[in-house]
Amino acid sequence: MKYLYSLIVVVVFASIFWGMRSEVPAVSEAVEKKSVLSSTGGSPSLQEPSAADLELDRAVTRQQQLTKGELQARELLARGISDLANCHQTYSCPQDFSDPRASDIKQGRMLADKLEEYADFHRQRDYFDEESAEVARTFLDHPDGFVQEAAIDLVSMQAPSEANGHALINALKDGYDAKVMEQAMKELQRYPGLQPEIDQLLAESLQTGSFYVAQEVALNILPHLNAENVQMFEQVVSGLPQHSVRAKALKSNIREFRLRQSGG
Amino acid sequence: MKCLSFPLEVMSRLKINQLKNQNTMKILSKNARGVVLLILGLVGVHGTSSVAAPYETPDYYLCYNRVGGEWNFGRVPSACDVTPWGDPAYVEENFAPVIFNDNTERGAERQRYMQEVHAMLRESVAYYLLARKPDASEAEVLAWQRANFAKAHQETFWTHYRDATDGNLKMVRGDYGHGHGMVQIDDRWHFPKLEEGKGWHIFENIIYGMELFYDAWEDAVSASCVSSADNWRDRARSAYSVYNGGASKICRWTDPNDVWAGNDIGFADKYDSQTWLNYVVDPLFPTSLDVACFMEGNPGCSAVAPVDADDPANWPGRQVYLTSGESCRFEGGAFECVDNPADMMCLSIVYGAPTGTSISPTAEATAAYTKNVYDRHSCFGAAVTGLSTVGQTIRSEIAINVRATPGGSAMGFASQAGKVYQVLDFVVSDINSQYRYYMIRENNRLGYIYAGKVSDFGNWTSPAPYSELEDVLIPQVEDKIRVVPESGINLRSAPDGALVANVPAGAKLKVDSVVVRGVDNSVYYGVQFQNNAGYLYGGKVLNGMTLKDWIMLDGEEPGKDHAEAGDIIQLATGINLRDVPGGSWLVTVPRGSLLYVHSIVIQGTNDYLYYEVTYNGHRGFLYGGQLEGTRTIDNWAVLASLTLADSGDKLLLRQDVEQRVAPAGDLIQVIPEGTKVKVITSVVMGDNNDVYYQVKYEGQTGFIFAGHLTPASTLGDWSETVKEK
C-alpha cells in the first residue's frame, strides 16, 4: 500500500492546486523569490512576516483566513513538498551515489524539512484547514521515519478529527519505528472516540508487531488503559512470552492501572 | 577555548575503556533514524568514505585497537574493541559460543564458529518470523532463514565478535568503521540506535536488521517484480533490494543497469550457492544460547540443553522455570524462587552456581512440590555484601559512565564525582565477584552506573547521608510527604493488604517506614493517619516511573511545566534556530546542546513554545513544542540537570581565575585555585553561552569567568558548586 502513496500525493496536491488556481492569481517568479528564502542545509524558511510584524509577547489570535500573499506562500511550500514527493515520476529525485541508501535517505530528510516548514507556516499563523490536514495525512505512512514524525507533528497542531485519527491508526499498522509509535501514542490520546480501533492497533502491535514497537507500546500504554479495555489487555499479556520485555512492561502498567482504579 | 568538561574514564569490569569525547558526541548526535543502511562487504570496506550523512561521524569513530581480518567467514576486516559501545565482560559471559577465537587454529575454529552461529541464526530468525506471523508455513520459515543467512553472508561473512590476539574482545566494523555488527548498522545514519545497543549486542543487531527486512519481505508480496507470494527467491531479492537501497528500490534487482546492481547480484549468488553450508557439519546442531530469552530483550539468559525437564532428578542445581512464571532452584526438595529470571543471581549466590543448563518442566511435574518465592529486594539485600538497595543514597566516588542498561550502551554522560544519588534499582551479576550496577537519575535521565565488585565497591560508590541528596525521588523515614491523586490513596494494613482508610489528596503525613517490593520496585510508605497505622502505595520505578503521580515531598512543587528564562535546556533533537519564532533560518542547533534561555514566547491556540537562545554567535528562537492538545515539548528540549549556581551558593575554584570589574572587563585580581567564594549573581552572555559569576573576594566585588555551555559545557573545569545545608 505504501508504494501507492506517491499516486495519492499527486491526487491530493493536484486538488489543492486546482482549488488554489481558481481563487489566487498566478504567482510570478519574482514574488516567489521574494517570499521564500532558501537557507543552507536544506532548511528553507519563510521570510514573511518580518520581525517587525511579529508581536512576540502576545498570543496570536487564531487566524480566520489567509491573505492572498499567504495563500501564495503556502502554495509554494505545498508545491515544494509535492515536487519532492513525486520526484520518482519526474526523474528529479536528489541523487547521492556515495552509498546504496543515500539517495532515499536524502529525499526523506529533505521531505521532512519541507513538511516542517509547512508546519511552521501554519503554526506561526495559527491557521489550519482541511488542506493542511490532508497534507499531514498523506505522509503519515511514509516509509521514512523522519517524514512520519513531521507529519504527526503537523497533525498534533490541528484539532482532532476522525479522518486524522483513522489515518494515523492505519499508518501505524505494521510499522517498525518505535520512536514514531511513541510519538503517535501521545497523539492518539486525543481520540477517545476511536478507542476501540486504537485498542486493536495496540493489541496487534503487542502480539505480532515489530519487536521494538511492541516494547514501546507496552511501556507507554498506561494512558490508554481504561475500565473497558483492561481485561482485553490482560488477555493479551497472558498470551505473550511471560518473561519478555513487552510482557513485563504490560503487566506492570496493568497493575498500575488497577491500583489507580482502586485508590492504591 | 578550553576543552570540554568530561573528565571521566570508565572502567569496564575487565578493561579500562578509553576516553570518550563528549564534545564530538554532541556534534554527532543530530537526530537521524529510520532504516538500516546496508553495505556490501567488499564495497563497504573499499568504497568511498566521504558521505554527506546526517551524522558526520569520522571514519572508525570510537574504534579502538583496530585489527584486520580476511575475506572469509567469521573474520572480515576490520574489527574494533567492543568497548566503549558495550561491556566486553557481558559479551564473554553471555555469548561465548559465537565469539571467533583468533588465538586458536583457524580452520578448526572457523568450523566450530560457523556451527554455533548457524544454530543461533537459524533459531533467531525463525523465532522472529513466527513471532510476527504465527501462521507462517514451514516453507516460508525455511525461505526466511535462507534469505537471512544470505543477507548475513552478504554483509559480513557472518562476522560479529572476535577474541583477538591483542587480548581484547572485538566486534566487526566495516566500511571504514561506519558499519557496526553482523548486519552493518551505519553510524552515519543510526547513531542513536547504536547508542541503544543495536550495534554491539548481537541479538539487538540481528533484530534491528530483521525489523526492516521483514517489512520489505511482506511488501514484496505485492511488488510487480515478484511473480507470486511463494516465489521465495524473488521475495528474498526484493527484500534485499529494499534493505540495501531503500523503500523505493523494491524491484531494483530486476534492473541490471542500476548503479547498485552488483549488490543484488552478489546477494543472489549467495542465496543460490549457500556457501555457508560448507562449514556447517550439522545443520540441525542445537544452539546452547537461550534464543527466545535473548530475543525477548532479557539482559542475561542462561544456557539451555535438551534434557528431560519433567524428571526431578534433573532439577537440582539447575535454573528451573515454572509455568506459573517464577524462576527457581530446587533445593532440599522444594522450589526456592524469584519472580524475575534476572534475579536468579540472588539464589545462585545463596545456593552456589548452577551446575547445569536451565529447564522448563510442565505444571503437572512440579505441582506436588513446595514453592517459596523471595522478594528480590530482601533477597539481594541479604546476599550481597555492601549492596545499596532501592531508596538508599550513594555517593559517586568517581565519574562513572551512565548506561542505558547494566553493562549496556553508554548514554553519553557520566555521574558526577562526589555527587549523592538515590538508588532506584540494582542489578548484580557474577556469583563470586558480585559486580553491581545501580540505576540513578542524572541529567534528568535514568540509567545504570557500574559500582564495582565485592572486593572494590567502595572505590566506585559509598553510602552517603540522605541529607545530602538533592534529587529525592523516594522520600525516606521522617520526611513529610503529601498525597497527590485527587481521589486520595488507600491506607492498607500492609503493602497490598486490607483497606483501612482513604487518605485524601493533599494530606500531609510523616513517613514511618519505607518498603520497596516486587519486580517493578513498587514503593510503599508506612504512615499514621487518624490514629490508624498502615501503608500507602507510592508508585513504581521500573517500566515507567510513576512515583510523583502518587506521593511528593511536602513543599515540593510539581516539576516545571517547561523551561523559563534563566534556565538551561538540553535539546532532545536537532532544532532550527530562527531570527523570530517561525522566522528565517539561522543555524541548526544539534541534539544534546546545552543552551541558556534568555526568554520564552508562548503563542497560538495550542500554546506553541519558543525559546530565545544563543548558539554559535546567533541569537534567535528555537521551537520547543506545544503545551496544549498533545503535549510535545519533551520531543524538542528538556530542562537540563546542569544548573547555574544560585545567589548565596559557594563556589570552589578549580583553577586560578581572574576577577574583573565586569564580564571581560578590567582586571581586579587573580583568585587562586582552591578558594571558596560566594556567588552574588550570575550572567550568561556571548556566542558560546559564557557563564560569569559576580563574587566578592578580599573586599573586592567583580566577575569571574566560569566556563561556557556550548558547544559543550566546561563549567566543571572552572569551579564546583558547594551546596552547604
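Biologist: What should I know about the numbering and the model?
Modeller: Residues are numbered from 1 along each chain as its sequence is written, and chains are lettered from A in the order in which they are written. The model is predicted, so local features need pLDDT of at least 70 and side-chain atom pairs count only at pLDDT 80 or more, while side-chain values use heavy atoms, with hydrogens and water left out.

Biologist: How many aromatic pairs turn up over all chains?
Modeller: The search of the whole structure gives 45, a pair being two rings of Phe, Tyr or Trp (its six-membered ring) with centres within 6.5 Å, called stacked if the planes are under 30 degrees apart, edge-to-face if over 60 and tilted for the rest. Among them, Phe73(B) and Phe157(B) are edge-to-face, at 5.2 Å centre to centre and 70° between the planes.

Biologist: Why does that pair tie parts together?
Modeller: Phe73(B) lies in the loop between α2 (41-46) and β1 (79-81) of chain B and Phe157(B) in the loop between α5 (138-156) and β3 (161-163), so the pair joins parts that are 84 residues apart in sequence.

Biologist: Are Tyr240(B) and Phe267(B) stacked or edge-to-face?
Modeller: Their ring centres are 4.5 Å apart and their planes at 5°, so they are stacked. Both Tyr240(B) and Phe267(B) are buried, that is, under 20% relative accessible area with a 1.4 Å probe and protein chains only, where exposed is over 50% and partly exposed in between.

Biologist: Switching topic, which ring does Lys198(B) sit over?
Modeller: The charged end of Lys198(B) is over the ring of Tyr212(A), 4.2 Å from its centre; the criterion is NZ of Lys or CZ of Arg within 6 Å of the ring centre and within 35 degrees of the ring normal.

Key:
Helices (H or I, at least four residues) and strands (E, at least two) are DSSP runs, numbered from the N terminus.
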